[in-house]
Amino acid sequence: MNSTLKITLIYLLVGIVWIFVSDHAAMLFFSDDQIKLSQFQTFKGLLYVGLTALLLYVLIRGYYKTIRDKVQELEEVNKKLQETNKELEQFAYVASHDLQEPLRMVSSFLTQLERKYHDRLDEKAQQYIYYAVDGSKRMQQMISDLLLLSRSGLKDAHKENVDLNRLVK
């Protein structure tokens, strides 16, 4: 039995018990004419409790459906977000590799240029080569650090279960 029906039945049971208990208590204190009026009141009370129980059932069922729809919507958005995060992580990896390769080439060629023509280069040219190679290495390190940061943020994130029903409220 679902919770909507349970709540409605409990409400209905409490209402009916209250009506009958109050009617039996009234019979102890009132005359026959007043008891007939009391029986009519009982009928009205039962009708009221029954109709409000039906209304309660419909409202609760509607709220549960809304909650289920919102939970499903959140789950779909979460799934899309996870897929997007995987794509971004893959992109970051490929982009970092693609960005580092030209830097490695520049650094490598400048280093070879310095080795091969070291004796023909003046001090200023050697200093320019040093700055270019150093800048290239620093840029490689920054790209590596950014990649490491993007991966560590995803793996080290604190994960915990969340009651989505509480979020919808």
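Reply: The following account begins with confidence and then turns to particular side chains.

The model is a predicted one. Across the protein chain the mean pLDDT is 82, and 88% of the residues score at least 70. Confidence is highest in helix α2, with a mean of 85, and lowest in helix α4 (residues 164-168), where the mean is 74.

Helix α2 spans residues 32-116 and includes F43. The relative accessible area of F43 is 53%; F43 is therefore classed as exposed, since that class requires a value over 50%. Together with L47, L51, L54 and V58, F43 makes a nonpolar surface patch of about 500 Å².

Helix α3 covers residues 123-155, and M142 lies within it. The relative accessibility of M142 is 45%, so this residue counts as partly exposed. M142 and S96 are 46 residues apart along the chain, yet their C-alpha atoms are separated by 9.8 Å.

Aromatic side chains deserve a separate remark. The count of aromatic pairs comes to one. This pair consists of Y130 and Y131, whose ring centres are 6.0 Å apart and whose planes meet at 55°, so the pair is tilted. An angle over 60 degrees would have counted as edge-to-face, and one under 30 degrees as stacked. The two partners fall into separate accessibility classes: Y130 is exposed, with a relative accessible area of 51%, whereas Y131, at 45%, is partly exposed.

Conventions: Residues are numbered from 1 along each chain as its sequence is written. This is a predicted model: local features need pLDDT of at least 70, side-chain atom pairs count only at pLDDT 80 or more; totals for chains, interfaces and linings use all residues. Side-chain values use heavy atoms; hydrogens and water are left out. Patches are made of residues with over 30% relative accessible area and no salt bridge: like charges are joined within 9 Å, nonpolar side chains (Val, Leu, Ile, Met, Phe, Trp, Tyr) within 5 Å. Accessible areas come from the Shrake-Rupley method with a 1.4 Å probe; for residues, only the protein chains shown count as cover. A salt bridge is a side-chain nitrogen of Lys or Arg within 4 Å of a carboxyl oxygen of Asp or Glu. Helices (H or I, at least four residues) and strands (E, at least two) are DSSP runs, numbered from the N terminus. Buried means under 20% relative accessible area, exposed over 50%, partly exposed in between (1.4 Å probe, protein chains only). pLDDT is the predictor's confidence in each residue, from 0 to 100. Rings of Phe, Tyr and Trp (its six-membered ring) pair if their centres lie within 6.5 Å; planes under 30 degrees apart count as stacked, over 60 as edge-to-face and the rest as tilted.
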